[in-house]
Amino acid sequence: QVQLVESGGGLVQAGGSLRLSCAASGRSFGTYTLGWFREVAGKAREFVAFIDWSGVATYNAESVKGRFTISRDNAKSTVYLQMNSLKPEDTAVYYCAADRYGGSRDPIAYDYWGQGTQVTVSS
């Protein structure tokens, strides 16, 4: 059982930056693959990035590669998403998720989810 709580969303001008945080509680956080997803009303939940247990292996969606960076601090039981050069099309509700197994781009593979945090990028 893992609880995930996102924070750090808000309104930002295009070209600006935000850092999202996801604080976790529960057992075995350090062994989970952690992911970030985003969702726009009426569209399927979209993969953004994941990071493995060691924090070394990461995988980013093509739409955010070079702009977003996922990281984790196992001592603080927290995963981050640093978002730079934000674009209006990045506007979405962002969710963090934990996977007991290997990382995946498919949201169905994830076992635990946060409540989401809104990111709005103005033009």
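Is arginine 100 buried, partly exposed or exposed, and what is its relative accessible area? Arginine 100 is partly exposed at a relative accessible area of 45%, where buried means under 20%, exposed over 50% and partly exposed in between (1.4 Å probe, protein chains only).

The model is predicted, so local features need pLDDT of at least 70 and side-chain atom pairs count only at pLDDT 80 or more, whereas totals for chains, interfaces and linings use all residues. Residues are numbered from 1 along each chain as its sequence is written, and side-chain values use heavy atoms, with hydrogens and water left out.

**View 1. Arginine 100 and aspartate 111 in a salt bridge.** Their side chains meet at 2.9 Å, N to O, a salt bridge being a side-chain nitrogen of Lys or Arg within 4 Å of a carboxyl oxygen of Asp or Glu. Aspartate 111 is partly exposed, with a relative accessibility of 26%.

**View 2. Arginine 38 and aspartate 90 in a salt bridge.** The side chains of arginine 38 and aspartate 90 come together at 2.9 Å, N to O, and both residues are buried.

**View 3. Glutamate 39 and arginine 45 in a salt bridge.** The N to O distance here is 2.8 Å; glutamate 39 is partly exposed at 26%, and arginine 45 is likewise partly exposed at 27%.

**View 4. Threonine 33, a buried residue.** Threonine 33 has a relative accessible area of 6%, and a polar atom of its side chain lies 3.3 Å from the backbone oxygen of tyrosine 101. The C-alpha atoms of threonine 33 and alanine 98, which are 65 residues apart along the chain, are separated by 5.8 Å.

Technical notes. Polar contact = N/O pair within 3.5 Å; in protein donor to acceptor, adjacent residues only side chain to side chain.
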